[in-house]
Amino acid sequence: MPLFKTAQPVGSLPGAARIGAPRGISRTGQPVESAKLVWKLLPDVWALLKPRRSVLLLGLVLMVINRLTGLVLPYSMKPFVDHVILKHQITLLMPLVAAVAIATVLQGITSYSLTQILSKSAQRMITELRVRVQAHVGRLPVTYYDKNKTGVLVSRIMSDVEGVRNLIGTGIINFLGGILTAVFVLVLLLRINFALTAVAILALLIFGVGVSQGLKRIRPLFRARPKLNAEVTGRLTESLGGVRVVKGYHAEEREESVFQGGVHRLLQNVLDTLTATSLMGAGATSMLGIITALMLFIGAREIFTAKMTLGSLTEFLALLAMLVSPIAQIATIGPQMTEALAGLERTREVLNEDPEDTDPQRTVSLGRVEGQVKFERVNFAYEVGKPVLHDVEFEARPGMVTAFVGPSGGGKSTIIGLIAGFYRPLEGRVLVDGVDIAQVKLGTYRTQLGVVLQDTFLFDGTIRENVAFGRPESSEEDVLAACRIARVDEFAEHFEKKYDTVVGERGVKLSGGQKQRVSIARAILADPRILILDEATSSLDSESEAMIQEGLRYLMRGRTTFVIAHRLSTIRRADQILVVEAGRIMERGTHESLYAARGRYYDLYTRQHGVETNLFLAPGEGGDAMPEERQRGAGPGFQPEAGESVLPEAIRFVERQRG
């Protein structure tokens with residue numbers, strides 16, 4: 001069962017604006033949520049602490065022993081001063097010294113034990129929580145990833161749970177230990193002198209009100225910090241991942257400016273927090289000094305009137321320090337607990353997101369898929385009121401190749417996403433072997449999918465590990481066979497470490513064509529029943545493409561294959577071609593029938609063929625330029641005059657071509 005079940009989904013701001021004021025906090029730094037949220041989190045705190053209640057109980061016992069032994073030294077002041085020093089009762093000296101020594105040793109042992117037991121348990125709790133959050137995030141639907149940046153999710157997993165250590169490490173036990181110490185000491189102080197104790201308690205109450213106000217001020221700062229940190233980390237991750245784009249457009253200074261703005265907002269948050277905690281610390285120190293001065297003044301008058309002895313006053317002041325000290329620690333423990341609760345709140349937001357396979361409607365476990373896929377009047381939209389697909393209907397059978405063609409943004413990738421179960425139709429059904437995917441347990445379905453994307457993603461591992469990603473239990477022979485079919489062996493065999501060559505982050509050490517071959521080998525080894533190819537050979541030269549097409553044809557046998565193609569020459573052998581435009585299937589048929597119909601497919605095919613044929617014409621060879629273009633040299637080889645922009649002329653040229 002999930003740990004949390006009440007928070008709302010987390011959104012994300014677009015672009016560089018995301019490194020601004022965090023959601024849930026106003027730009028003035030005031031909290032949007034009510035302070036009642038702290039009480040709402042108490043069940044969640046208990047859910048975390050319950051499995052560790054034995055450790056907490058042991059820590060509490062050690063804390064009681066630690067605080068009781070800490071009372072021995074101040075409580076021995078009265079007999080030491082009044083009897084040993086003033087009355088010279090030397091026989092009491094050794095017992096007092098022995099009691100203080102033993103108590104000090106016990107205090108040291110219990111302090112060490114508390115640190116070892118609680119701190120290590122807290123670190124284990126952080127590790128378990130990180131593992132749990134990562135596993136949960138990994139099972140969230142693709143729509144969640146569409147709304148949240150990678151860097152934000154990394155921060156949620158790694159940073160937000162860090163503060164939770166204070167729940168078990170130092171916060172709760174120190175807080176309870178402080179209360180116990182205050183109770184023990186208060187009883188002793190009341191027995192020594194009621195009037196002095198009353199004055200001290202009044203001063204402490206005034207200090208407590210100040211601390212409460214300080215915590216109200218500091219709480220929104222701690223809530224804002226992890227959100228700011230996540231946004232800055234997210235943008236930094238994007239910038240580093242797209243370093244070639246940044247450098248290609250000479251945008252280093254722009255990225256520096258965006259990052260600088262984010263870290264300065266983060267710095268301001270830290271500075272405000274330090275100011276608040278420093279003020280609380282200064283208040284605690286000042287209050288301690290004021291209380292001590294009052295006690296010295298009143299205590300001296302009590303001694304002059306013979307109502308107290310010097311030993312009693314010394315004992316009282318030592319015990320009073322033990323009363324003030326844990327209360328003053330609230331200035332430290334309070335922010336720690338606030339940080340822990342802020343991290344817990346953000347962690348809860350993630351854990352409250354429903355994994356894609358927990359829908360109660362998903363009850364069907366698929367066996368071996370035959371591969372019959374059918375769309376029945378499917379409508380889909382990423383955002384309410386902005387439809388992307390309209391009444392899409394088609395059917396694909398085992399052994400059949402279905403190609404999607406059309407302009408960018410027409411809906412081809414969305415259809416593929418629906419086939420893969422990434423999204424769910426708003427209306428209509430997507431059927432696999434007659435079963436609605438919306439009712440299928442996705443784990444039993446996706447193991448029978450093979451996906452080769454145009455934007456090939458490889459992990460920072462070896463070639464062998466990337467090929468075997470879909471089936472890590474595969475034998476060496478199967479891996480090598482898949483590599484031969486996809487022509488991976490042609491370049492892998494020339495590397496020093498062959499298939500144990502590390503490809504780098506996102507396969508950066510391989511060329512685009514090499515990465516795509518590895519991706520194809522990965523799909524071949526997975527032995528899928530349904531194969532999805534998103535412009536799978538777009539990064540290959542003509543010779544390599546011809547070779548790999550042979551391997552792909554081998555892979556397609558008996559399988560249901562879906563192909564997104566921008567190079568229309570690669571899908572002329574498809575069993576059916578669907579022309580997708582503006583979210584609708586405008587035409588369907590084979591290459592021959594669609595070409596003969598001279599419709600939208602014919603227009604796309606002939607225009608692309610013409611572009612490819614004339615792509616490398618020398619200036620003046622095409623004969624298509626308008627008279628004014630010839631006069632000014634527009635088109636291929638056109639050179640604008642100094643300070644003149646080429647864009648207006650280029651726009652007019654494109655508009656004429658469209659016309």
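**Note on the predicted chain**

1. At 18% relative accessibility, Pro355 counts as buried (under 20% relative accessible area, with exposed over 50% and partly exposed in between, for a 1.4 Å probe and protein chains only). Pro355 sits in the loop that runs between α15 (330-351) and β1 (373-383); helices (H or I, at least four residues) and strands (E, at least two) are DSSP runs, numbered from the N terminus.

2. The model is predicted: local features need pLDDT of at least 70, side-chain atom pairs count only at pLDDT 80 or more, and totals for chains, interfaces and linings use all residues. Residues are numbered from 1 along each chain as its sequence is written, and side-chain values use heavy atoms, with hydrogens and water left out.

3. Which residues does Pro355 touch, leaving aside its neighbours within four places in sequence? Pro355 is in contact with His136, Arg139, Leu140 and Pro141, where contact means heavy atoms within 4.5 Å. The C-alpha atoms of Pro355 and Arg139 are 5.2 Å apart, while the two residues are 216 residues apart in sequence.

4. For the chain as a whole, 26 helices and 10 strands are assigned. Of the 659 residues, 43% are buried. Of the contacts between residues at least 6 apart in sequence, 78% join residues at least 24 apart. The accessible surface (Shrake-Rupley method, 1.4 Å probe; for residues, only the protein chains shown count as cover) is about 34500 Å², and carbon and sulfur atoms account for 60% of that surface.

5. Helix α19 (residues 476-485) packs against helix α21 (residues 512-526) at an angle of about 130°, the axes being 8 Å apart. Axes are lines fitted to C-alpha atoms, for helices over the stretch in contact, and angles run from 0 to 180 degrees between N-to-C directions. That angle makes α19 oblique to α21 (under 35 degrees is roughly parallel, over 145 roughly antiparallel, 65 to 115 roughly perpendicular, and the rest oblique).

6. On the α19 side, the contact is made by Asp478, Val479, Ala482, Cys483 and Ile485; α21 supplies Ala521, Ile524 and Leu525. These residues divide into seven nonpolar, no polar and one charged (Ala, Val, Leu, Ile, Met, Phe, Trp, Tyr, Cys and Pro are nonpolar, Asp, Glu, Lys and Arg charged, and the others, Gly among them, polar).

7. His88 is not a glycine, yet has a positive phi of about 60°. His88 lies in the loop between α5 (77-85) and α6 (93-138) and, at 59% relative accessibility, counts as exposed.

8. Asp433 also has a positive phi, near 55°, in a residue other than glycine. Asp433 is placed in the loop between β4 (427-432) and β5 (435-436); at 30% relative accessibility, Asp433 counts as partly exposed.
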